[in-house]
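The following note sets out points for a colleague who has the model at hand. Please read each point alongside the displayed structure.

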Amino acid sequence: MIVAIDGPAGSGKSTTAHAIADRCNLTFLDTGAMYRAVTWRCLDAGVDVSDDDAVSAVAERARIEFGKSADGQTVSIDGRDVTRQIRTPEVDRNVSVVSAYPRVREAMVARQRELGSAGDVVAEGRDIGTVVFPNAEVKVFLTADAAARAHRRAVQREGGDAGCDAGAKADAAEEQQILRDLVRRDKLDSSRKESPLKPAADAHMIDNSALTPEQVVQQIVDLMEAARAKGGAAKAGEVAPFDKGGEPLSPKTDGNEVAPAKAGVAKNGAGEKDAGRPAAKAAAKSKAAGRMRAFAGNTFDDYYDHGMKEFPLPARALLAVAAAIVWAVTKVLWPWKIEDVRLLRDDARGRMIVMNHTSMLDPVVIVCDLYFHGIRVRPISKSEFNKTNLVSWLFSRAGTIPVKRGTADLKAVRRAQAALTRGECVLVFPEGTRIKSDDQPVTIHGGFALMAQMAKAPVQPVAIVGARDITPKGTHWKRFGRVFCKAGACIEFSDLGVRGRKQQALRMEEVAMERVYALRDELRREHPGKM
Ligand SMILES: Nc1ncnc2c1ncn2[C@@H]1O[C@H](COP(=O)(O)OP(=O)(O)O)[C@@H](O)[C@H]1O
Ligand SMILES: Nc1ccn([C@H]2C[C@H](O)[C@@H](COP(=O)(O)OP(=O)(O)O)O2)c(=O)n1
């Protein structure tokens with residue numbers, strides 16, 4: 001489960017997130033500490049914080065790690081422990097400027113998603129519910145009036161804790177200064193262009209001016225339980241995506257298997273924890289063990305486990321060139337067009353795209369089109385394709401995630417879930433194989449609905465016609481011809497009108513494939529003769 005906590009300075013985000021991490025055995029991700037660490041690094045190195053390029057270069061190169069000490073979580077940047085240094089008034093004064101630079105944010109968000117890629121995270125900051133983890137199961141926006149927040153911070157600076165001691169006093173002049181700084185920082189954080197501080201549309205607002213920290217934690221724990229009961233948070237051990245006949249395998253419901261991973265803080269930057277249970281083990285293995293190497297030396301697993309925007313430069317360059325060539329060649333040979341393409345391009349969320357399968361052109365059309373609109377698509381491919389290292393090499397760079405069909409490939413499910421949570425799209429062909437004629441029997445593989453459900457992502461239907469005609473049955477020759485695709489609106493689990501996780505997943509499979517075929521039939525009517 002991912003819990004996102006956003007809010008202004010001093011609203012109690014760290015206190016609350018820490019307590020929830022301890023109580024619910026989640027990894028605590030303090031994203032503000034990351035922006036603070038970059039700010040400290042710039043100040044320490046004498047970098048002018050008003051110089052966007054210089055600051056961004058520091059952020060892009062920075063190695064930020066979380067660790068653990070007897071006093072709690074530690075933060076280091078480029079090998080230096082800066083846990084205490086990042087809380088000084090000087091860092092406070094400069095951090096809003098640093099965190100407003102788009103390249104700084106891009107670098108931090110990539111690292112945050114990497115740290116959260118295994119799920120089971122409580123993350124706090126300013127843009128967690130809106131940008132970093134838009135598919136978080138629980139989103140909270142904490143607020144408190146500015147005077148209360150300034151008082152808390154002033155007490156905190158003097159070594160006290162307003163959360164434990166309601167009568168705690170602080171120096172009045174100091175408190176006034178903190179209030180002015182805090183109001184100024186709130187204004188900068190809320191008015192900046194990039195990811196301003198604002199509640200996500202689906203965030204729960206909690207004003208804690210008159211609540212104790214325990215009351216706030218309890219409210220959020222209640223929300224987590226409600227989300228679990230509603231099925232928002234799928235449990236890893238419950239999901240067994242593919243069986244031979246294409247039906248989801250029956251759930252493994254041993255509650256112990258799916259208990260959240262062990263308490264604590266992100267360790268060694270990778271948030272590795274609890275490899276003791278099968279589902280957690282799969283997750284621990286499948287998640288990124290840190291960042292990828294800049295050039296060479298990455299394993300295939302590294303590619304499957306990391307976001308495509310985190311791939312090393314040569315892989316990203318290769319993909320850009322390959323996408324441009326494939327786009328140009330296929331556009332000339334089989335001029336393709338996606339109708340209602342805005343539905344695909346204008347949605348920033350990670351989505352499960354499902355499509356009918358007629359030829360190898362199908363993934364190319366979606367992957368290439370969205371690539372040039374900044375959206376990364378991870379096609380799920382049969383592991384049978386990865387027969388040689390060369391194919392695995394190419395497919396891994398193209399962002400595919402292999403799935404072993406006929407087994408409960410939890411690793412693939414976790415990878416797809418992580419990709420969706422990161423905001424990438426996952427592309428699945430539920431028909432499993434290319435359908436070359438209308439009389440060919442079709443078995444729908446339902447794993448996609450479960451993956452989407454686990455990531456709390458919507459499912460988007462897309463249909464294609466014309467591509468089947470490129471390679472007519474029984475030939476290897478490729479014919480020229482126009483190809484048409486059509487995108488449908490995203491289908492949300494909450495709109496399905498059924499209760500219960502299993503029922504919802506089954507209904508999603510039906511509805512999504514009905515829409516795919518309805519779109520295909522519309523295309524056939526619009527373009528007579530195209531199959
Ligand atoms: N509900 C609360 N009531 C009173 N004090 C609180 C409350 N929540 C947090 N605090 C105190 O306020 C101070 C700032 O909280 P913190 O969690 O650091 O805020 P943030 O991370 O949002 O800046 C801490 O000393 C904390 O103990
Ligand atoms: N996700 C985040 C987290 C913090 N920031 C920025 C905005 C804040 O002013 C600074 C410091 O954040 P932090 O959460 O440590 O600040 P407070 O503890 O609330 O004072 O970083 C951000 O822009 N996005």
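1. Helices here are DSSP runs of H or I with at least four residues, strands are runs of E with at least two, and both are numbered from the N terminus.

2. This is a predicted model, in which local features need pLDDT of at least 70 and side-chain atom pairs count only at pLDDT 80 or more, while totals for chains, interfaces and linings use all residues. Residues are numbered from 1 along each chain as its sequence is written, chains are lettered from A and ligands numbered from 1 in the order in which they are written, and side-chain values use heavy atoms, with hydrogens and water left out.

3. Helix α17 spans residues 410-422, and its 13 residues reach 18 Å from the first C-alpha to the last. That is close to the 18 Å expected at 1.5 Å a residue, the expected span being 1.5 Å times one less than the number of residues. Twelve of the 13 residues of α17 are buried, where buried means under 20% relative accessible area, exposed over 50% and partly exposed in between, with a 1.4 Å probe and protein chains only. Among the buried residues of α17 are Arg 414, Arg 415, Gln 417 and Arg 422.

4. Helix α15 (residues 361-371) is largely enclosed by the rest of the structure, because ten of its eleven residues are buried. The buried residues of α15 include Asp 362, Pro 363, Cys 368, Asp 369 and Tyr 371.

5. The unreviewed UniProt entry carries a "binding site" annotation that covers Gly 7, Pro 8, Ala 9, Gly 10, Ser 11, Gly 12, Lys 13, Ser 14 and Thr 15. UniProt positions are given in the numbering used here, feature names are shortened, and annotations may be inferred rather than shown by experiment. Pro 8 sits in the loop between β1 (2-6) and α1 (13-24), and Pro 8 is buried, with a relative accessible area of 9%.

6. Which residues come nearest to ligand 1? Of the 18 residues around ligand 1, these are Lys 13, Ser 14, Thr 15, Arg 153 and Asp 161; a residue counts as near if one of its heavy atoms lies within 4 Å. A polar side-chain atom of Arg 153 is 2.8 Å from an oxygen atom of ligand 1, and a backbone N or O atom of Gly 163 is 3.2 Å from a nitrogen atom of ligand 1. The protein buries 91% of the 570 Å² that ligand 1 exposes when taken alone, with areas from the Shrake-Rupley method and a 1.4 Å probe. Helices α1 and α7 (146-157) are the elements that give two or more residues to the shell around ligand 1.

7. Ligand 2 has 19 residues around it, of which Arg 36, Arg 105, Asp 127, Arg 153 and Arg 185 come nearest. A polar side-chain atom of Asp 127 lies 2.8 Å from a nitrogen atom of ligand 2, and a polar side-chain atom of Asp 189 lies 2.8 Å from an oxygen atom of ligand 2. The protein covers 99% of the 510 Å² of accessible area that ligand 2 has on its own.

8. Helices α2 (31-45), α4 (89-99) and α8 (172-191) each supply at least two residues of the shell around ligand 2. Helix α2 gives the most, with four residues.

Methods:
Polar contact = N/O pair within 3.5 Å; in protein donor to acceptor, adjacent residues only side chain to side chain.
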